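User: I would like to learn how to read the features of a two-chain model. Could you take me through them one at a time?

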Amino acid sequence: MGLETLFGQSYLTTRLDEAVNWARKYSFFQYPFVTACCGMEFMSVWASTYDIARFGAEYPRFSPRQADVLFVVGTVNEKLAPVLKRVYDQMCEPKWVVSFGVCATCGGFYDNYATVQGIDKIIPVDIYIPGCPPRPEAVLDGLLKLQQKVSKESVLDRKYR
Amino acid sequence: MNSYLLDEIKTKFPQDVLETHSFRGDETAVVRREALAEVAQFLRDGLGFDILMDLTAVDNLPREPRYELVCHFYSTGHNYRLRLKCPVPADNPSVKSLTGIWSGANWLEREVYDMFGLNFEGHPDLRRILMYDGFEGHPLRKDYPLKKRQPRIAHRD
């Protein structure tokens, strides 16, 4: 960029929140909790056409202990609900949850004996992405919304939920 | 229309076949539930139906007999298909298991047990297959409440 040559060996001052949030929002490690057909659409967000790496969120961790963002992609039923809760509990703070698609958001058209009517009945959710399934543009928009949300947080007031 | 398969079954089990119908090659025999296993055995050994493609049930709640067990068979040798149905009353919803004839019936019968609550006599391991332990009732029964939920963990708010 050339910016570093302009500043040379000097110092920059900033607020702690700004610096930490800047680092956090451009380096999301995700945990994809993929249960249903939305997963196909989620993969296309990853692939080169939409390239989620542009936003620094391309790195999936298949252990919740190393992840920052839990993407719940697809229908969650009552049988699976304790598993989702356990995965969420294993994630380290700070952590965020994205509900991907209408099934995860509100149960979708599965209003029946088996389906949880929205994962916010189990765990707290930060961003809801509607659609059945959502377009990749909608997912990227949701990711940008999450980045905005993260940039407004403070390292001091985030507490364990 | 005459059907070779249905005629064979009717000739072999004149007492047990309650009804047959055939529509555009879709052949169905309704048999007494006491004779289901016997007829199924004849289908496999006498008529060459080597695959049990599906085994499921229907709940016709206001009507009696309430349940209907439906079995779909396929013969790879002859490219024949056949459907067997048998009425099951609500007061004793029990049928003889087909696991001794087709071992693939095992999970299908567990699913019917789980969803409809039909019992299969002689099944080696009759327990729920889809719903979790502790789930009460059988969700595909017509009298299962539409909005009833049985969460495994407490829901937030």
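User: Which helices and strands make up chain A, and in what order do they run?

Analyst: Helices (H or I, at least four residues) and strands (E, at least two) are DSSP runs, numbered from the N terminus. Chain A has six helices and five strands, and from the N terminus on they run α-α-β-α-β-β-α-β-α-β-α. Two notes before we go further: this is a predicted model, in which local features need pLDDT of at least 70 and side-chain atom pairs count only at pLDDT 80 or more, while totals for chains, interfaces and linings use all residues. Residues are numbered from 1 along each chain as its sequence is written, and chains are lettered from A and ligands numbered from 1 in the order in which they are written.

User: What do the overall numbers say about chain A?

Analyst: Start with extent: the C-alpha trace of chain A spans about 65 × 35 × 25 Å along its principal axes. Then burial: a residue is buried if 20 or more other C-beta atoms lie within 10 Å of its own, exposed if 12 or fewer, and partly exposed in between, with C-beta atoms placed from the backbone. Of the 161 residues in chain A, 37% are buried. Last come contacts, meaning residue pairs whose C-beta atoms, placed from the backbone, lie within 7 Å. Among contacts in chain A between residues at least 6 apart in sequence, 80% join residues at least 24 apart.

User: How do I read the two sides of a helix? Which residues of H4(A) are buried?

Analyst: An α-helix has 3.6 residues a turn, so residues three or four places apart point the same way. In helix H4 (residues 81–90) of chain A, the buried residues include A:Ala81, A:Leu84 and A:Tyr88. They lie on the same side of H4(A) because they cover an arc of only 60° around the axis, the arc being that of the directions from the helix axis to the C-beta atoms. A:Arg86 and A:Asp89, on the other side of H4(A), are exposed. The cover over the buried residues of H4(A) includes strand E1 (29–34), strand E3 (69–73) and strand E4 (96–100) of chain A.

User: On to chain B. What is the strand order of its open sheet?

Analyst: Strands of a sheet pair through backbone hydrogen bonds, either parallel or antiparallel; here, two strands pair if DSSP finds at least two bridges between them. The open sheet of five strands in chain B has the order E1-E2-E5-E4-E3, with mixed pairing. Its edge strands, E1 (17–23) and E3 (51–59) of chain B, each pair on one side only. Strand E2 (residues 26–31) and strand E5 (residues 80–88) of chain B pair in the parallel sense over three bridges, and B:Thr28 has B:Arg83 in E5(B) as its bridge partner.

User: How many residues does each chain bring to the contact?

Analyst: Nine residues come from chain A and 11 residues from chain B.

Note on methods: Two residues are in contact if their C-beta atoms, placed from the backbone, lie within 7 Å.
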